[in-house]
Amino acid sequence: MKFGTEFTTPFYRACGHKVDVTFSYLNQRQRAQQEVTASLTLCDQCRQHLQALVKDHAGKPCASSGVLSGRLPQMLGTVKTAPWANAIRAEACKYYFPLLEAVASSGVQPCTAARNVIRLLFSVQAASFWIGARASLCSDRWLIAEVEYMLRGSRSGSKQADECSVIRYWRDTKPALIESARKSATNSNLAA
Ligand SMILES: [Zn+2]
């Protein structure tokens, strides 16, 4: 016996793709919650695309690593925290630079959004951010949560702990930066 109502309808996701989403609910409140969740998250195709990108590229050899490392801003911290944060950032470079190289020339979602998030990450100069976020930075989960957070342009429903979120960091420090990163990502062509 089936309880509640279930139906499938085309729905806009955070990535901008309109895809069929199945809602299954007992009351209007549940349905509203499911709609909010669907609107704040990536479609399955974008999520799988990012997971595959991470799997294929993260931590692999990277030709442009030297050039990218040379462009990193100076770490700002104390005599104690700055070297620690530099070491954390160096690990993140090994993880994300090959990914950045892989999406460098792509103009489609979710590659453009991932590129903007990675660039925002390596723009952070505060040692305290790198140290606070160190445990979760290098994972597809982190990247996907940040891409979703950036694209939806609001603070609601973040799955990321505040101290781990680079989007949260820039929202607090320089909101205009997030707005332009979000716009440039959402203006990109949507993959079919
Ligand atoms: Zn999508």
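Is Gln 34 buried, partly exposed or exposed? Keep that in mind as you open the viewer. This is a predicted model, in which local features need pLDDT of at least 70, side-chain atom pairs count only at pLDDT 80 or more, and totals for chains, interfaces and linings use all residues. Residues are numbered from 1 along each chain as its sequence is written.

**Stop 1: Gln 34 and helix 1**

Select residues 28-40, which form helix 1, and find Gln 34 there. Helices (H or I, at least four residues) and strands (E, at least two) are DSSP runs, numbered from the N terminus. Gln 34 is partly exposed, because 16 other C-beta atoms lie within 10 Å. The classes work like this: a residue is buried if 20 or more other C-beta atoms lie within 10 Å of its own, exposed if 12 or fewer, and partly exposed in between, with C-beta atoms placed from the backbone.

Now show the contacts of Gln 34: apart from neighbours within four places in sequence, they are Phe 23 and Tyr 25. Contact here means that two C-beta atoms, placed from the backbone, lie within 7 Å. Ser 24 is 10 residues from Gln 34 along the chain, and their C-alpha atoms are 8.3 Å apart.

**Stop 2: Gly 4**

Move to Gly 4, in the segment before strand 1 (5-12). Gly 4 is exposed, with 11 other C-beta atoms within 10 Å. Setting aside neighbours within four places in sequence, Gly 4 touches Ser 24, Tyr 25 and Leu 26.

**Stop 3**

Colour domain 1 (5-40) and domain 2 (44-186) separately; the bounds come from an automatic or database domain assignment. Their centres, taken over C-alpha atoms, are 28 Å apart. In the contact between them, domain 1 contributes 6 residues and domain 2 contributes 10 residues. The side of domain 1 that touches domain 2 has 4 nonpolar, 2 polar and no charged residues. In this count Ala, Val, Leu, Ile, Met, Phe, Trp, Tyr, Cys and Pro are nonpolar, Asp, Glu, Lys and Arg are charged, and the others, Gly among them, are polar.

**Stop 4: helix 2**

Select helix 2, residues 44-57. The expected span is 1.5 Å times one less than the number of residues.

Which residues of helix 2 are buried? They are Cys 46, Leu 50, Leu 53 and Val 54. They cover an arc of only 95° around the axis, so they sit on the same side of helix 2; the arc is that of the directions from the helix axis to the C-beta atoms. The buried residues pack against helix 4 (81-103), helix 5 (111-122) and helix 7 (140-152). Turn to the face away from the buried side, and you will find the exposed residues Asp 44, Gln 48, Ala 52, Lys 55 and Asp 56. Just after helix 2, Gly 59 has a positive phi of about 80°.

**Stop 5: the nonpolar core**

Next, look at the largest nonpolar core, which has 44 residues. Such a core is a set of buried Ala, Val, Leu, Ile, Met, Phe, Trp, Tyr and Cys residues joined through C-beta atoms within 7 Å. Leu 50, Ala 114, Val 117, Leu 143, Val 147 and Met 150 touch the most other members. Centre on Leu 143: leaving out residues up to four places away in sequence, Leu 143 touches Leu 50, Val 54, Ala 114 and Val 117.

**Stop 6: a cis bond**

Go to Pro 110, in the loop between helix 4 and helix 5. The peptide bond joining Gln 109 and Pro 110 is cis, with omega about 5°.

**Stop 7: helix 9**

Finish with helix 9, whose 12 residues reach 17 Å from first C-alpha to last, close to the 16 Å expected at 1.5 Å a residue. Ile 178, Ala 181 and Ala 185 are its buried residues. Down the axis of helix 9 these fall within an arc of 65°, so they line one face. What covers the buried residues of helix 9 includes helix 5, helix 7 and helix 8. On the other side of helix 9, Pro 175, Ala 176, Ser 180 and Lys 183 are exposed.
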